[in-house]
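Trainee: I'm new to this one. Could you show me the structure and then let me ask my questions?

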Protein chains: 2
Amino acid sequence: MEPDPERKGEAVRGGRVGIRDVARRAGVAISSVSRVLNGNPNVTPALRQRVLEAVEALGYQVNLVGSDLRRGTTRTVGVVIDDIANPLFAEIMLGAEATLSAAGYLVTLMSSHGTARGDAAALRHFRGRRVDGLLLALSDDTGADWHAALAAGDGGCPVVLLDREAPLPCHSVLSDHAQGMDAALTELVGAGHRRIGLMLGPLCTRPGRARLRAFEAGLRARGLNPDARFVTLHTPATAADAERTMAGVLRRPAADRPSAMIVGGGQLLTGALRALHAAGCRLPEEMSLLVCDDTPLAELHRPGLTALRRDVIGIGRAGAELLLEAMKAPGAEPRSATIPIEIVRRASVGPPAA
Amino acid sequence: MEPDPERKGEAVRGGRVGIRDVARRAGVAISSVSRVLNGNPNVTPALRQRVLEAVEALGYQVNLVGSDLRRGTTRTVGVVIDDIANPLFAEIMLGAEATLSAAGYLVTLMSSHGTARGDAAALRHFRGRRVDGLLLALSDDTGADWHAALAAGDGGCPVVLLDREAPLPCHSVLSDHAQGMDAALTELVGAGHRRIGLMLGPLCTRPGRARLRAFEAGLRARGLNPDARFVTLHTPATAADAERTMAGVLRRPAADRPSAMIVGGGQLLTGALRALHAAGCRLPEEMSLLVCDDTPLAELHRPGLTALRRDVIGIGRAGAELLLEAMKAPGAEPRSATIPIEIVRRASVGPPAA
DNA sequence: TTGTAGGCGTTATCAA
DNA sequence: TTGATAACGCCTACAA
């Protein structure tokens, strides 16, 4: 079987209709088809008409891979998220997408499953596919590998970090966790608590580190000592993990456990509440509870949960805006936006039992 | 300024290091670099060594766009989700990603913002970029445009619909909403309810349609008539919208409003609970509540919310498995998996007040 | 206004 | 085992 010269490349093409087929059918040059499809004004209505008919008749759809390759740009930005189950994530995306799509960019997303490997795979995919920009909430911002990729600078696309940090200056949107944690401690200590516990996610991203640091510093500044037994890290921050931790805390005699707990974001609250309910622990009579992120669960739980809140949509929006600027002026000085955190008082904080 | 022949194409290339640069530096042919990078066994260790050194030294990263174009395949599947804020979405992704990444596929995601335009944009992106398969939970499965794209069949990649339906046979994962709604009605009617209200999302996707149909049929089968005043559709299904609806219901005199409400998935529960709390309405004494999807909020709310539950991770897994088969045998007969729904009894359903 | 042709970065075929 | 080369599908000077 000799390859039919009329159909060369057909095996690789997969039998799809290509721009050539359209051109042939319309009896015009390939470049004319391209012009019509890209809205180039220098086209006779008659020619446009014929091309459009051929496109319709053949059901042609552009192959954007060819287009991307030729143009060297994709009008697409990639978002890497560590934990797609985080209740805040949807709102961050909302803010980012609104801004970016208004500017003509498509937004695509990959989850990195809480692992540095996932980060690397997503980065390889997006950079390799030549997205025009990247919004990164990586699973692990402590690795040296992606720092190198950032440092490469030239050749890489503009990047904005979402509550992550790198050893070199970098565009980023940073929540003011120090301020938030301080407000939390003020609230709890003000209510009379001295034994305060803390449940956090992993330390390999900024929120964990910032919250822990602020917690320890804040306690010391108030003349208290963090009790290492009641500060727990959860990697990854699953509900099941948090439930075990909280159950363990609740098994201790009341006098020997924290009178108040601060629970970090992500899925931790779900697990903590499961354990609390299972133990029949009343809030705030038997224990006070303060959550690091405000969610419908925190709001609608009875009693309502005192929580830290930030403008989550604003995080996405700020990230998108920084990215748009960076894509416009790739060389510009790294800038970062800071998102304030406020406390929302509800009913889960009260005076300690003892 | 004449273009320097040594640097031709540099403007378009954007000054990135390419495979040519690596080849030149290593003193080998381009094809040899490609072989090394793709793990082709027919390569001398010495040559491999030199190439790897050059790659390292230049910080070279493959341009997957070129690779995609040449190969005609991407080892990537696209997922289109109507509502990224839906609490179930993360678990669907979890199930799908586990299965697909084990099979060597990367999973990328786009949200379609609850609009048919969003669906179209996402589809154009993914198909145009030649993903190998598509998992679709579109915002609107009633449009003729994407049906045409599906029918095109040849030329398009394999597709699995997630709780969506098309006029032609198609791979799909379908939740058994009829069964779920029937269980819900059995529960409520069994508790003595006769006036049952329903809050749903839009009818432009299957869950809305299937639930509504089953609701009406189920009531009639039990000798009851659905009261049109208490069946509300929400497009899109936002919390604010649901809150308004529920507040409206609660403003009516108790004798003239439903004694039980069934609340659909998505964000509707959040809004409904806000209104219920604001009105100080006690569950189930003053009204019974049953939710169409089980979430942490339903579980941890006090009183616990009776809910319909399905194996959400299983939806993603089933979708991924169907897609893997379809990608292996593109011509195969469309198959569909059905996901059962069960009821989880908690405390929000009781006898009617009157 | 339209056509011709070159090249984007890669892989695969073929010859050496 | 290695190298030269021809596509993949598209866009864009440039020429006509």
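Mentor: Helices (H or I, at least four residues) and strands (E, at least two) are DSSP runs, numbered from the N terminus. This is a predicted model, where local features need pLDDT of at least 70 and side-chain atom pairs count only at pLDDT 80 or more, while totals for chains, interfaces and linings use all residues. Residues are numbered from 1 along each chain as its sequence is written, chains are lettered from A and ligands numbered from 1 in the order in which they are written, and side-chain values use heavy atoms, with hydrogens and water left out.

Trainee: Which way does H6(B) pass H14(B), in a left-handed or right-handed crossing?

Mentor: Two packed helices are described by the angle between their axes and the distance between the axes. Here the axes are lines fitted to C-alpha atoms, for helices over the stretch in contact, with angles from 0 to 180 degrees between N-to-C directions. Helix H6 (residues 89-102) of chain B packs against helix H14 (residues 312-328) of chain B at about 35 degrees, with 6 Å between the axes. As for the sense of the crossing, H6(B) passes H14(B) in one that is right-handed.

Trainee: Which residues of H6(B) make that contact?

Mentor: Contact means heavy atoms within 4.5 Å. On the H14(B) side, the residues taking part include B:Ile313, B:Gly316, B:Ala320 and B:Leu324. On the H6(B) side they are B:Glu91, B:Ile92, B:Leu94, B:Gly95, B:Ala96, B:Thr99 and B:Leu100.

Trainee: Which residues have the most contacts inside the largest nonpolar core?

Mentor: A nonpolar core is a set of buried Ala, Val, Leu, Ile, Met, Phe, Trp, Tyr and Cys residues joined through side-chain atoms within 4.5 Å. Buried means under 20% relative accessible area, exposed over 50%, and partly exposed in between (1.4 Å probe, protein chains only). The largest core has 56 residues, and the ones with the most contacts inside it are A:Leu109 and B:Leu109.

Trainee: Which residues of chain A is B:Leu109 in contact with?

Mentor: Set aside its neighbours within four places in sequence. In chain B, its contacts include B:Val79, B:Phe89 and B:Phe126. From chain A, the list has A:Ile84, A:Val107, A:Thr108 and A:Leu109.

Trainee: How many disulfides are there over all chains?

Mentor: A disulfide is a pair of cysteine sulfur atoms within 2.5 Å. The sulfur of A:Cys281 is 18 Å from the closest cysteine sulfur, in A:Cys292, so that is too far for a bond. Over all chains, the count is 0. A:Cys170 is in no disulfide either, as the nearest cysteine sulfur, that of A:Cys157, is away by 11 Å.

Trainee: Is B:Arg127 buried or exposed?

Mentor: B:Arg127 is found in helix H7 (residues 116-128) of chain B. Beyond four places in sequence, its contacts include A:Gln61, B:Leu134 and B:Cys157. Its relative accessibility is 9%, so B:Arg127 counts as buried.

Trainee: What does B:Arg302 touch, not counting residues up to four places away in sequence?

Mentor: B:Arg302 is in the loop between helix H13 (296-300) and strand E10 (306-309) of chain B. It counts as partly exposed because its relative accessibility is 37%. B:Arg302 touches A:His277 and A:Arg302.

Trainee: Which residue does a cis peptide bond join to A:Arg302?

Mentor: Most residues other than glycine have a negative phi, and most peptide bonds are trans. In this cis bond, omega is about 0 degrees.

Trainee: What is the phi of A:His113?

Mentor: A:His113 lies in the loop between strand E2 (106-111) and helix H7 (116-128) of chain A. It is partly exposed, because its relative accessible area is 41%. Its phi is positive in a residue other than glycine, near 55 degrees.

Trainee: And where is B:Arg130?

Mentor: B:Arg130 also has a positive phi, of about 60 degrees, although it is not a glycine. At 11% relative accessibility, it counts as buried. Its place is the loop between H7 and strand E3 (133-137) of chain B.

Notes. Left-handed = near helix turned anticlockwise from the far one by under 90°.
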